Amino acid sequence: MDELLKILHSLHPEVDFTAREALVDDRVLKSFDIVSIVSEIYEVFGVAVPAEEIVPENFNSAKALYALIQRLEDE
Amino acid sequence: MLFTSYAFVGFLALTLTAYYLVPGRWQWPLLLAASYGFYWAASPWYLLFILVTTASAYGVSLKLADLSGEQRAYLAAHKDLTREEKRAYRAGIKKRKWAWLLACLFLNIGILSVSKYTNFVIRSFNALTGRGLGPVDMIVPMGISFYTFQTVGYVIDVYRDRQPVQRDFFKLALFVSFFPQLVQGPISRYGQLSQTLFTPHKFAEKAFSFGLMRILWGYFKKVVLADRLLPAVTALTGDGTYAGAYVLAAMLLYAFELYCDFTGGIDIAIGVGEAMGIRMPENFDLPYFSKNITEYWKRWHITMGTWFTDYIFYPVSVCRPMLRLSKWSREHLGQAVGKRVTVYLASFIVWLTTGIWHGAAWNFVVWGLANWAVIMVSQELAPLYERFHRRFALRGKAPYEAFQVVRTVLLVSAIRMFDCYRDVPLTFAMLKSLFTRFDPRVFTDGSLLGLGLDGADWLVLTLGLAVVLAVSLYKLKRGGIREALYEKPPAVFYGAMGALLVCTVVFGAYGAGYDVTRFIYDRF
Amino acid sequence: MKGRRWPAALGVALGVLGILYLAQRLLVPKYQTGVVEGSMVAEYYRERVDHDLIFIGDCEVYENFSPVTLWEDYGISSYIRGSAQQLPWQSYYLLEDTLRHETPKVVVYNVQALRFSRPQSEAYNRMTIDGMRWGPAKVRCILASMTEDEHFIEYLFPLLRYHDRWGELTGDDVEHLFAKDPVTHAGYYMRADVKPQTGFPAPQALADYTFGDMPMDYLGRMADLCREKGVELILIKAPIEYPYWYDQWDGQAAAFAAEQGLTYLNLIPLRQEIGLDMTRDTYDAGLHLNVRGAEKLAAWFGGWLLERIDLPDRRGEPAYDAVWEEKTALYDAMKQQQYAEIEQYGELVTFGANAVEG
């Protein structure tokens, strides 16, 4: 989780990612950010997030995103 | 049947009447019949195309859903499998699903490409090789890009297990062919449109009159403003005669024309849906109030933008080769390059596709790539802007925001001239003349009266655009104007509708001498 | 709909209809000055007496025969149902329309327009058809006449056709919002000026001289309709040389008349007998007669007609006298006015092309 927060923080240092629950719906994360996040997740966790998982539910909070990574690792 | 033809108005009146006369469960079949009738009236041949698209989407989506079901059942029945075994099984199913999806995409994108781009390829081939191959007589079904995208989106959603499959062929056929959006969008998503498309709707005065109001507003913008501006825009951009300050005039007039034409058409489409209780996605969110071009593209032709994002930008940027490329670049070319390569490449592909989608000509390709370039540059400059804003504390100050809005409108209008002038070199020459031969006197010395519009035309245009601006500002500050009017005594609400109707009938640019007008967007 | 909303909706709907109706009255061309041909067809419905003789056709009847002369010389009550570039099917439907209102003894049709085998011009269609009263004849006339870009609904609601005129409205449009002045004399369009005939371009050979199926079909229907109603149909060709009237055309008209047992009279060779002097009796170099010519032609034609058909002399019948006295007075007054203008200005100023506003 800390590694994920580090990735997110490097994109938007001004945002407190532990507190936000609607990152996509509030347009904090834009499409370019999401692509960066996915490629960094690939680098750090070795997990490829497929396009079908790029939906607001998975990116709205750091928690949801972490859950996604864990699920993908598990599959 | 163009939205602005008498035939469409009659067709619409009949359809709306019948819609509320038949029992609720017959409403959607009626719409299917009406949509096929609408398409048949354009050309019976078109039906063949849309049937092929519908049938392939129907068959493939069923197959995809069956495979997903098979996977679920198998995994549920074999809980004892190891993780690796599960993975291998999933990969096998996914491969089969992918094959089906690919076949469906090839067929439908293939039909779209062949019908729309064969002659473009022949022309380009001739230009490159100096040969003189003749053009091919191609059927380009009306609105093929729109319904193809909409249908492909549905199949991909089923493939991604994001959308339960529709097992009723006729319901899917209605989703593909729903007549208000067939010609120029908006591009609906199945999950969203299906919520209201098939359910029975009882006549409700408010929804119905809101729909009618929106339809009238659409016609007003389209017929009174866009079509009246058309001769001037055509005159200004016909060739290289009107250079210098005229190019600025052309940019602004075309910006208004395109806005009124496209949003007008969309308002008619969405209004027709509203009048029947069917909710379609919004396609515009006051785009000319955007403060930068990225924001503009989030607010203009929204359904196209999100379609490209979901079905092209994301899949391209997160596919494995791209992830590997990104990783490799980070390692070998450094963080700075590595971070950018995915986004640059994926959005390049998106804008190239967007350009080609807009028209089978190099102008549109250049137009798409110009948008890409500007977006990338502004992305790079973002930190700089950030510092600048912080230093001078300009953010949120009205004059500065106004400057940003004007800058964005000018920028998108300038880029848009690529789809206006005959070819790319002429566009560059004309944009250059904007700086070298700018003579502001043309705005005041009556030169604009020589563009096929007389003083009375300009008066109507000025008043009409003032109304459009006022309504937009109201929406920006307070919200929907229809809701506000509805709160007033009923005579005010209906009176506004009546005024729109009378103004459109009397001041519309239609009839003899104006018959060539077509929605700009139904070519796409 | 909630109880208290629908009255407002209904009220606004009625108001909008009223406004659109007024806008239509205002925006439809009035054809009162200059180009008056658009008023001709409607003017017929103001007639208060029946007619024993009806002319049907294009400018070759409405500019070449003076009904007032027929009245003054022979007591014939006549009317010209003509309009600019009136095509054969339009003539047929105007005949049908006329025969619904009255049954004349004789109908004279000028065959010049048979050369048109298909719909021609939107503008002329409108000038002929807009003035017709609504009925089956008008509906069928519109359907037969429409060019490719026309729409029936624009005849039904002329506002849709003329809405664009808001930028060019004139005093006439306001003044004649509800009532129009008569512009013809029993359908006759008067011109008193003179422009001598000097010569016409030599006729060009045509690839095909056969009249089209459509005009001949409608000519046949005119003959049938007249027969059915007991009306004598006479075919004429006005004594005008241009547009050129080919011998082959003349032959076809004569053959049709013979086949149907009708009279066909080509007036071109009879000009001397009629007494026409084309250096003085035409106002536009020989395309149409002026009032002098039209009076001569009417006088001769009335005599020719009475030798063959017994038409009543209505002079002395109070109803006819009243109407025709009024017409004659108007006719004489306009003639005086035109001569006075020519005297003063050397040309007409409140009639014809010079009078077109704007």
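Domain bounds here come from an automatic or database domain assignment. This is a predicted model, in which local features need pLDDT of at least 70 and side-chain atom pairs count only at pLDDT 80 or more, while totals for chains, interfaces and linings use all residues. Residues are numbered from 1 along each chain as its sequence is written, and chains are lettered from A and ligands numbered from 1 in the order in which they are written.

**Stop 1: colour by confidence**

The model scores ipTM 0.93 and pTM 0.90. Now colour by pLDDT, the predictor's confidence in each residue, from 0 to 100. Chain C averages 93, and 98% of its residues score at least 70. Chain B averages 90, with 98% of the residues at 70 or above. Select residues 513-524 of chain B: there the pLDDT is below 50. That stretch still has 28 contacts in the model beyond near neighbours in sequence. A contact means that the C-beta atoms of two residues, placed from the backbone, lie within 7 Å.

**Stop 2: the two domains of chain B**

Select residues 6-203 of chain B for domain 1, then 219-482 for domain 2. Their C-alpha centres lie 28 Å apart. Across the boundary, 23 residues of domain 1 are in contact with 20 residues of domain 2. Show the helices on the domain 1 side. Helix H1 (6-21), H4, helix H5 (144-159), helix H7 (179-182) and helix H8 (190-197) of chain B each supply at least two residues there. Helices (H or I, at least four residues) and strands (E, at least two) are DSSP runs, numbered from the N terminus.

Colour that side by class. It has 12 nonpolar, 10 polar and 1 charged residues. Ala, Val, Leu, Ile, Met, Phe, Trp, Tyr, Cys and Pro count as nonpolar; Asp, Glu, Lys and Arg count as charged; the others, Gly among them, count as polar.

**Stop 3: between the chains**

Which chains have the most contacts? Among the 2 pairs of chains that touch, B and C do. Here 17 residues of chain B are in contact with 23 residues of chain C. Select helix H20 (residues 490-507) of chain B: it gives 9 residues, the largest share of the chain B side. By class, the chain B side has 10 nonpolar, 4 polar and 3 charged residues.

Turn to chains A and B. This contact takes 20 residues from chain B and 15 residues from chain A. On chain B, helix H4 (83-129), helix H12 (302-318), helix H13 (320-333) and helix H14 (335-358) each supply at least two residues. H12(B) brings 6 residues, the largest share of that side. The chain B residues divide into 7 nonpolar, 5 polar and 8 charged.

Now show chains A and C together. No contact joins them, and their closest C-alpha atoms lie 37 Å apart.

**Stop 4: the sheet of chain C**

Select the strands of chain C. An open sheet of 5 strands runs in the order S2-S1-S3-S4-S5, with parallel pairing. Two strands pair if DSSP finds at least two bridges between them. Strand S2 (78-82) and strand S5 (263-266) are the edges, each pairing on one side only. On average, neighbouring strands are turned by 20° against each other, direction ignored.

Zoom in on strand S1 (residues 53-57) and strand S3 (residues 106-110) of chain C, which pair over 4 bridges. Pick Phe55(C): its bridge partner in S3(C) is Val108(C).

**Stop 5: a helix pair in chain C**

Select helix H5 (residues 88-101) and helix H7 (residues 136-145) of chain C. Their axes come within 9 Å and cross at roughly 180°. Axes are lines fitted to C-alpha atoms, for helices over the stretch in contact, and angles run from 0 to 180 degrees between N-to-C directions. The crossing makes H5(C) roughly antiparallel to H7(C), a label for angles over 145 degrees. Show side chains, including Trp89(C) and Tyr93(C) of H5(C) and Arg140(C) and Cys141(C) of H7(C). This contact has 5 nonpolar, 2 polar and 3 charged residues.

**Stop 6: backbone details**

Most residues other than glycine have a negative phi, and most peptide bonds are trans. Find Gly185(B) and Pro186(B), joined by a cis peptide bond with omega of about 0°. Pro186(B) is in the loop between H7 and H8 of chain B. Next, go to Tyr242(C) and Pro243(C): the bond between them is cis too, with omega near 0°. Pro243(C) is in the loop between strand S4 (232-237) and helix H12 (247-260) of chain C.

End at Arg27(A), which is not a glycine but has a positive phi of about 60°. Look for Arg27(A) in the loop between helix H1 (2-11) and helix H2 (31-45) of chain A.

Technical notes: Parallel < 35°, antiparallel > 145°, perpendicular 65-115°, else oblique.
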